[in-house]
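Okay, everyone, thanks for coming. Let me put the structure up on the screen, and then we'll walk through it together.

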Amino acid sequence: MKMLKTLKTLPTTTRPLTTSRLATARLTTLRRAFIAGVLTLALGGLVAPAASAVAPAGAADARSTTASAALSCRAADNHEEIAAKFISRCKKGSIRSEFPSDRLSRSLGQIYAGKRSGDRDDVKAWKLLNDRRFDK
């Protein structure tokens with residue numbers, strides 16, 4: 001009887017989670033984690049910093065070139081880098097609202113080649129990548 005009085009005094013907004021509400025909350029959390037994982041893999045996966053990359057013993061010059069290119073935020077210096085990674089590293093997030101979404105998975109070199117051939121989406125993507133308004 002004493003427990004019933006305690007339950008009646010609690011406000012209705014702090015009611016305990018029922019099994020169905022708890023299961024729904026867990027499923028929502030799992031869905032969010034799954035979507036975050038899929039997006040991470042779709043955009044190129046997790047990237048190790050360039051300084052921790054292991055290079056062959058005779059490739060000291062290549063390693064210094066790669067490290068200096070990785071530090072540059074000029075699109076022309078990073079033709080091997082994927083557009084999504086370059087944007088994450090060097091540009092503000094607001095660029096993604098204007099950037100052609102199908103170009104996010106392409107390398108900057110591919111975007112540049114498409115721009116030179118006259119593809120409108122590549123022209124727009126290259127222009128946005130070089131626009132100083134979106135620099136971090």
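Before anything else, one term: a salt bridge here is a side-chain nitrogen of Lys or Arg within 4 Å of a carboxyl oxygen of Asp or Glu. The general idea is that side chains of opposite charge can pair when their charged atoms come close. And here, Asp102, Arg103, Arg106, Asp119 and Asp122 are linked in a network of salt bridges.

Two housekeeping sentences. This is a predicted model, in which local features need pLDDT of at least 70 and side-chain atom pairs count only at pLDDT 80 or more, while totals for chains, interfaces and linings use all residues. Residues are numbered from 1 along each chain as its sequence is written, and side-chain values use heavy atoms, with hydrogens and water left out.

So, the overall picture. The protein chain has 6 helices and 0 strands, where helices (H or I, at least four residues) and strands (E, at least two) are DSSP runs numbered from the N terminus. Of its 136 residues, 21% count as buried. By buried I mean under 20% relative accessible area, exposed is over 50%, and partly exposed is in between, with a 1.4 Å probe and protein chains only. The chain exposes about 10,200 Å², and carbon and sulfur atoms supply 61% of that; the areas come from the Shrake-Rupley method with a 1.4 Å probe, and for residues only the protein chains shown count as cover.

Where does Arg103 sit? You'll find it in the loop between α4 (83-90) and α5 (108-117). Is Arg103 buried or exposed? Buried, with a relative accessible area of 8%. Its side chain joins that of Asp119 through a polar contact of 2.4 Å. A polar contact is a pair of N or O atoms within 3.5 Å; within protein, one must be able to donate a hydrogen and the other to accept it, and residues adjacent in sequence count only if both atoms are side-chain atoms. Leaving out residues up to four places away in sequence, Arg103 touches Ala83, Ile111, Asp119, Asp121, Asp122 and Ala125, with contact meaning heavy atoms within 4.5 Å.

Ile111 takes us into α5. Along with Leu108, Gly109 and Gly114, Ile111 is buried in that helix. The buried residues of α5 pack against α4 and α6.

How many salt bridges does the structure hold? The count is 10. One of them joins the side chains of Asp135 and Lys91, at 2.5 Å from N to O. Asp135 lies in the segment after α6 (120-129) and Lys91 in the loop between α4 and α5, so this pair ties together parts that are 44 residues apart in sequence. Lys91 is buried at 3% relative accessible area, whereas Asp135 is partly exposed at 27%. Asp135 also forms a salt bridge with Arg132, with the closest N and O atoms 3.9 Å apart, and Arg132 counts as exposed at 69%.

Last pair: Lys124 and Glu98 meet in a salt bridge, 3.9 Å from N to O. Lys124 is in helix α6 and Glu98 in the loop between α4 and α5, 26 residues apart, which links distant parts of the chain. Lys124 is partly exposed at 39%, and Glu98 is partly exposed at 42%.
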